[in-house]
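Before you build on this model, please go through the points below with the coordinates open. They are meant as a colleague's reading notes.

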Amino acid sequence: MEQARNYVCTECASAVPSGHKFCGACGGPVPAEAQTLETQFFGALQMPGKARLIVVRGDEAMGEGLSYLLQATEHVAGRDADQIPFPSDNWLSPTHANFLYRGEKLVVRDEGSLNGVYIRLRGSSPIQIGDHFMCGQHLFRVDATPKDSSGPEPDQTYFYSSPRRPSAFRVTQVLEGGMDGIVCCALEQTVEIGREDCDINFPDDVYLSPRHAKVEMTGESLKLIDENSQNGTYVRIRGERELGHGDYLFLGRNLVRVEVTA
Amino acid sequence: MIVCSRCSKDNQDHYKFCLGCGAELPRQSLEPRSLSTPNPGGERTTNAPPARAAASGALASAPQIEIDPAPIEATRPEPIAMADPLPPELAPLSDETSPCSHCGAQVPENFRFCHVCGHDLDADGAPDGGAAVPEERVSAPAVAEAPEGATQRARLVLIQPDGSEGDSFPLGAGRTLIGRSTGGIFASDAYLSPEHAEFRFEDNQLVVKDMESLNGVYIRIDPEFPIELFDGSVFRVGQEILRFDAPSAPDPGADGTQYAGSPHRGFVGRISLVIGRDATGNSYPIPPHGIHLGRERGDVLFPEDGYVSGLHCRIHSEVGHVFLTDVGSSNGTFVRVSNESFVPQGTFVLMGQQLFRAEY
């Protein structure tokens, strides 16, 4: 005993190969649903055209794997938020971010949060002085080189400083609590971050790839480049940012994935 | 010889930066003789065989704790260290291997310890290699019994770049002001303030007071003798000026949100390279277990500063305090005097571009 492998005509019970509009044996019509058989995403069955957020990594109180359907027009996430609450993560501001639709597009807007919203880089992205980015567990800021302040005094005494090498920019590690950690001034035109053999190394960070990411200056412009790292490089968004299917975001300690089914 | 265009100091041909003011020297002067260490290609291969020979020699005879090639004690000798073959520990990996007697792993010939099991290979070949003979150091003897009339003979002896003694500057029994305005050997040093420091005696001990000078007075610390660092302490290794800062953090917001960031592993402070009056360069946070500084070994490296020893000093914390220890560097670790300090007999004092030894 085995199952028929095709659509079976309801008139004459003959097998109808897929793509046929009429039964070859009796001429009976094949219903439209049976003709356009495209595999659809589960989410699409429920909320066609809408997006959802899935908490990939969060603290236990939040429940990893939780998902939020974004069916309204605005969805506020934050420590005290009603719609997308992360009550136990004190890296989130009470009102942290807003997921909203602009026409058909889903965007995320930083609601003036203390720690910001980070989006996973696809390849590389331009970056500016003052921008923040994350690699593994580490947070960094791109800083300008301070002005040379080693000129002589009015009384003609010269300031003795350590030997200086020209540097176009620097990358500063930011520690939890807000203190600055490692500062690395760019020699040549890049600062590379990774587990080993880079300019900034964290040999004991298992979330970093050996060579994870680098900030590179070409001409006057800076670029953040993810070096195909396993866990990705995240850059802090400025203001508002359009989201697409498969984007990953960090909200505080929570990693969420965006699914857009339109 | 390259004459610095900024401060007119004479520099050796292979220097990249001015010895006096740290300004970058013209690059063409680098061509004849490169100063950089890990030179890929030719130099590396010419270095390797002698390094290996030195390694086997060291295995057979007494191991040396002090691996610094810089021979002259407590002076500012030429940065010859860079040009010397690397010490055995740092030589390029030897191609020749021999099995570890403990675990059987193939260990490069120039390793002292098996890289797989950590077995001490010295223990096999030379059962009693003899105790390490540390290089003799000038340590400051106790000053408790300063002879009567010490003040009459008190003087600052200039130590010249080649390590020999130069002029002496007598220190009177009262207060002696030193600076660019006091003339003599100080007049031409652009890094001295017009009134830089004042020396005086207190119970037969010499005391130096920094007269709020721009560049300060530095005193060499005794090797293996920890001194405490405070927020804002400044010290000098080789040509590098470093500042220690105690941990500090901005106030978190009133709504209970904490600043996000890299894991804070209980850092006890950070050190920053001073590159201007209020500008710092590279910085490193100091974990509770401490860090080592050196030219070639340690957590924070100064590969381009020939005045820094291979392993130079260490910073660590104990019971909530942070300490700086010189671990036997050739040229010493100098700490900037905050206001006043005793200057024990024989202590090296760095003011402006000049190094002195206090004799009394």
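Predicted model: local features only at pLDDT ≥ 70, side-chain atom pairs only at ≥ 80, totals over all residues.

1. Residues are numbered from 1 along each chain as its sequence is written, and chains are lettered from A and ligands numbered from 1 in the order in which they are written.

2. The secondary structure of chain B comprises three helices and 23 strands, where helices (H or I, at least four residues) and strands (E, at least two) are DSSP runs numbered from the N terminus. Of the 360 residues in chain B, 34% are buried, a residue being called buried if 20 or more other C-beta atoms, placed from the backbone, lie within 10 Å of its own.

3. Where two residues are said to be in contact, their C-beta atoms, placed from the backbone, lie within 7 Å. On that criterion, among contacts in chain B between residues at least 6 apart in sequence, 48% join residues at least 24 apart.

4. Between the chains, 43 residues of chain B are in contact with 39 residues of chain A. On the chain B side, the elements that give two or more residues are β13 (240–245), β14 (270–276) and β15 (279–285) of chain B, and the largest share, six residues, comes from β15(B). By class, this side of chain B has 22 nonpolar, 17 polar and four charged residues, with Ala, Val, Leu, Ile, Met, Phe, Trp, Tyr, Cys and Pro counted as nonpolar, Asp, Glu, Lys and Arg as charged, and the others, Gly among them, as polar.

5. In chain A, five strands form an open sheet of mixed pairing in the order β10-β18-β17-β15-β16, two strands being paired if DSSP finds at least two bridges between them. Because β10 (124–127) and β16 (200–201) of chain A stand at the edges with a single partner strand each, one side of each is left without a neighbour in the sheet. Within this sheet, β15 (residues 190–194) and β17 (residues 213–218) of chain A run antiparallel and are joined by four bridges, with A:Ala213 as the bridge partner of A:Ile193.

6. Strand β21 (residues 248–251) of chain A runs antiparallel to β9 (residues 117–120) of chain A, through three bridges, and A:Phe250 stands opposite A:Tyr118. Four bridges also join β21(A) to the antiparallel strand β22 (residues 254–260) of chain A, where A:Arg257 is the bridge partner of A:Tyr248. The hairpin of β21(A) and β22(A) has two residues between the strands, and A:Gly252 takes a positive phi near 60° there.

Notes: Buried ≥ 20, exposed ≤ 12 C-beta atoms within 10 Å, placed from the backbone.
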